[in-house]
Each structure stands twice: as structure tokens, then as C-alpha cells.
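Open the model in your viewer and keep the sequence panel beside it. Then follow the stops below in order.

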Amino acid sequence: MVQARPETVQSRADTGAVKSYTVKEAGEVILTGLSVGAAVATGRICLIEHAADIDRFVDGAILVTSTTDPDWVPIMKRAAAIITDHGGRTSHAAIVSRELGLPAIVGTGNATQVLHDEQEVTVDCASGDTGMIHAGIAEYEVEELRLDHVPDTKTRIMLNLANPSAAFRWWRLPAEGVGLARMEFVVNNAVQVHPMALVNYDSLPEDEVKEQIADLTLGYDHKPDFFVETLARGLSRICSVVYPKPVIIRMSDFKTNEYAELLGGHDFEPSEENPMIGFRGASRYYSPRYRDGFALECKAIKMLRETMGFDNAIVMIPFCRTPGEADKVLEVMAENGLARGENGLQVYVMGEIPSNVIRAEEFAERFDGFSIGSNDLTQLTLGIDRDGEELADLFREDDPAVLWMIETLITRAHAVGAKVGLCGQAPSNDPAFARRLVEAGIDTISVTPDSFLAVKTHVAAAEG
């Protein structure tokens, strides 16, 4: 502990609610910087470069300045939002903004040159690490999630999370953990480089892509270490929000066309006509084409669990087509220090392919539980491209065939002692769907945070 300060805002705030901000329509992005606070504010700029001029600040305006110090606190309290040229997450402006509950964007570089007095802007700090300043007054929604009357349920309700920087917005939700943490978000936004490009960095052609990778990995003599450490740090932020409750981390499930868009990715990805049912998920992990990349994912999880201490992390394997494929994946994981059952490690499998249901007992021998991915299971049961507009009306998770698949998997998995959860939006949109899951005996339902209270209510009603 190096410093203790009295907290002045949250202790007086309404602790019975959490606010969620979503920008709907906005003008062009004028500037970006580091976001502080998970909120949105709109208004007119009041640009003040020197503390001696603070008397001309207009209440409710958006303060724009080069940097702040304690002399600025009186007008910071009167601002709707704060924008600075300089500073990081521990700067004076960032610290005071957090205490005041204000959105702030710090370290923009040149806000005082680009923005001007009376200019109307939108300050968006609700979209993650990068704060965005939009031209004009944007449309946005504020949803208030009440926490003072959350019903108790036997079925455990968990969260789907992907963005580490946004995870802390939801720490007050009484969730039973994270049922789906998407690794791809951290890889895409923090790592940004295809893992095989890091493994083969020395043999990459000397071009602009290699220069970009060099800039991103500055300070790493061994380039793969950048992937391992960056991924572990990102996932640790999600694990810390609910610790010691479980966090089920899905190993990477990019499609080949998505992997190719990572820096250096085009040199390591095949071209597929239908990536949705192509070289994805488990099939990649033991393939010579990606095996070394998967090894880095495993090392990141091992670092997360054993070095950083987040032993609440559970591994989940997506798109595993056969029990034989499961054996190959588990063997590769063990070779990289992630043996199922060792140091308490649990390994789940996505239940998203009809074969996962048909051979449920065989999969249950190899995994600790299933997480039903209702989107892919619906797609593959009904033979409908889930992104296809022409067939959108037929894509229904409550189709009797899909419900049969879900209920059958729950029954057969429970018969051999395996746990079953579902991660998807259907329970939040449809109370009848939630009731069917409860009646089938599902163990957990994992939903987006903004749907948490609705699902809790639906499930409580279904449980009677």
C-alpha cells in the first residue's frame, strides 16, 4: 500500500444500480486517447490552457486542457467530462476523474490544438481502453440495472465477457462467475499479431508488416513471449473481477479469414470457401499449421493460473468434432503444461456440433463439462448459415430440433456426471426458452452483462 485516499463519490452513490452506456449514432471520431470511466458525456468544449483562466469555465461544459494539477480540482468538479493532451491512467486528471465519477480522455496529444471553444462533441469512454471524441452530439442510451432486488436462483447465472478493460464495469453484479471469456478479443485488440508470425519472426520478409510487429514487440528479444505475457495479462483482468468464482476461457476460435487479418496472418492462413465450418477450433490446435501458436495460448493460461495465481481459470475447447480429436488436443495441452486435473485444472468443451450431442458420453469421459453454444448448434442442426439474411426467419434457437439437441445433451451429460451450461442470448430474449432450460436441469446460463437481471428474473419465475 503506497497511498490511501478518502473515496468521495461512490460511497455516496446509489449502490442499488449499475449504469450501462451505449452510443447509438455518432459523428466522426476527431481524437482518441486513454479512456477513464465507463460513461458517455455530450456538451460544448471549454478550452482552458492555464489555471489562471479557470474563472471563465462554464458549468456543465467539457473541460479541455493540456494537463491538470490540484489547482484545477474546483472546475473539474463542475465539468461534464475532461479531455487532456498529456497524462496516463495514473495522471492527476485520471485519478480525480475516477473519484468524481466523470468520463475523461487523457493523453490525446493535441486536443488543445484540434478542439475549440463552444464546439459540440461527444466523449465516449464506454467502449474500452480507447476513449473516442466524436464530432457533434451523439445519440446514446443509458440503462440502469437495479441490484437491490435480484432474485435468488438455483440455476447459476454467469456472464459472457470479452473486453478486459470493460470487465470492471460489472463487478457489482451478483454473478456466479464468467461462463464465457472470449480469448479472441484480447488477441485481436492487445496482441494484434498472428502467433505464428511471432514464432517465425526471424524468417518473416523485411517489409512494413515486420516493422509493425517489431514496434509492437519492442523490448522482447524472444517475440513469442510478447504473445504469452500480453494474453495472460488481458485474461487476468477478467479473472480478477469475479475471483475466486470460475472463469471459463474459450481457447482461440478465430475463423481462418479472421486470423488472416492479424498482423502477419496472411502468410499462415489457408483460403477457405466456408470458414465457419472449416479450419477452426480444435482442429487447429494439433495441426502442424498452428500447433506452435496453440502452444503459446497454453503457456499464457499456465502463466495466468500458476504464476499470476488465477487458479479460477477453466479452459474450454471450441468446435471439437470427435472424441479422437479431443484426445489429440488434450495431449498437446499436456505437452505445454496444461494437463487436465493437474493443479486443479478443469477442461470444458463447447457443445455446438450435433456430434457433441450424439457422442455425449464419450466427450464427457474426456472433459469436465459442456458449454452449449446455441448459435452454432442451431446453425448446424437446421443447416442454416447463421449470418445469412435470406434465411434469418428460419434461424430459431427454440426450434423443436434444436431444443431436442439441448435437452438431450443435458440429460446424457448429467447421467455420467458432467456439468452443462449454455452461453447465448436466447434466455434473455425469451422467458419460455429460459423455462425449457430450467426444466431440462441446466447447471448454468451465461449471458451478456446487460441481460443478467432479465435472465435472473426469467429463471426465478421458471423455478417457481
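**Before you start.** This is a predicted model: local features need pLDDT of at least 70, side-chain atom pairs count only at pLDDT 80 or more, and totals for chains, interfaces and linings use all residues. Residues are numbered from 1 along each chain as its sequence is written, and side-chain values use heavy atoms, with hydrogens and water left out.

**Stop 1: cysteines.** How many disulfides are there? A disulfide here is a pair of cysteine sulfur atoms within 2.5 Å. By this rule, the count is zero. Select C125, which is in no disulfide. Its nearest cysteine sulfur, that of C46, is 18 Å away. C125 is also buried, at 2% relative accessibility. Buried means under 20% relative accessible area, exposed means over 50%, and partly exposed is in between (1.4 Å probe, protein chains only).

C320 is buried, at 0% relative accessibility.

**Stop 2: a negative patch.** Select D207, E208, E211, D215 and D267. Together they form a negative surface patch. Patch residues have over 30% relative accessible area and no salt bridge, and like charges are joined within 9 Å. A salt bridge is a side-chain nitrogen of Lys or Arg within 4 Å of a carboxyl oxygen of Asp or Glu. Asp and Glu count as negative. Zoom in on D207. It lies in the loop between α6 (195–199) and α7 (208–216). Helices are DSSP runs (H or I) of at least four residues, and strands (E) of at least two, numbered from the N terminus. D207 is partly exposed, at 33% relative accessibility.

**Stop 3: I410.** Go to helix α16 (residues 400–415), where I410 sits. Is I410 buried or exposed? It is buried, at 0% relative accessibility. I410 and F370 are 40 residues apart in sequence, and their C-alpha atoms are 8.8 Å apart in space.

**Stop 4: the backbone.** Select Y243 and P244. A cis peptide bond joins them, with omega about 5°. P244 is in the loop between α8 (224–242) and β12 (247–250).

Next, select Q192, in the loop between α5 (183–191) and α6. Its phi is near 70°, a positive value in a residue other than glycine. Q192 is partly exposed, with a relative accessible area of 32%.

Finish at N343, in the loop between α12 (323–335) and β14 (347–351). Phi of N343 is positive, near 55°. N343 is exposed, at 53% relative accessibility.

Key. Patch = residues over 30% accessible without salt bridge, like charges linked within 9 Å, V, L, I, M, F, W, Y side chains within 5 Å. Areas by Shrake-Rupley, 256 points an atom, 1.4 Å probe, with all protein chains shown as cover. Charge placed at Lys NZ, Arg CZ, Asp CG, Glu CD.
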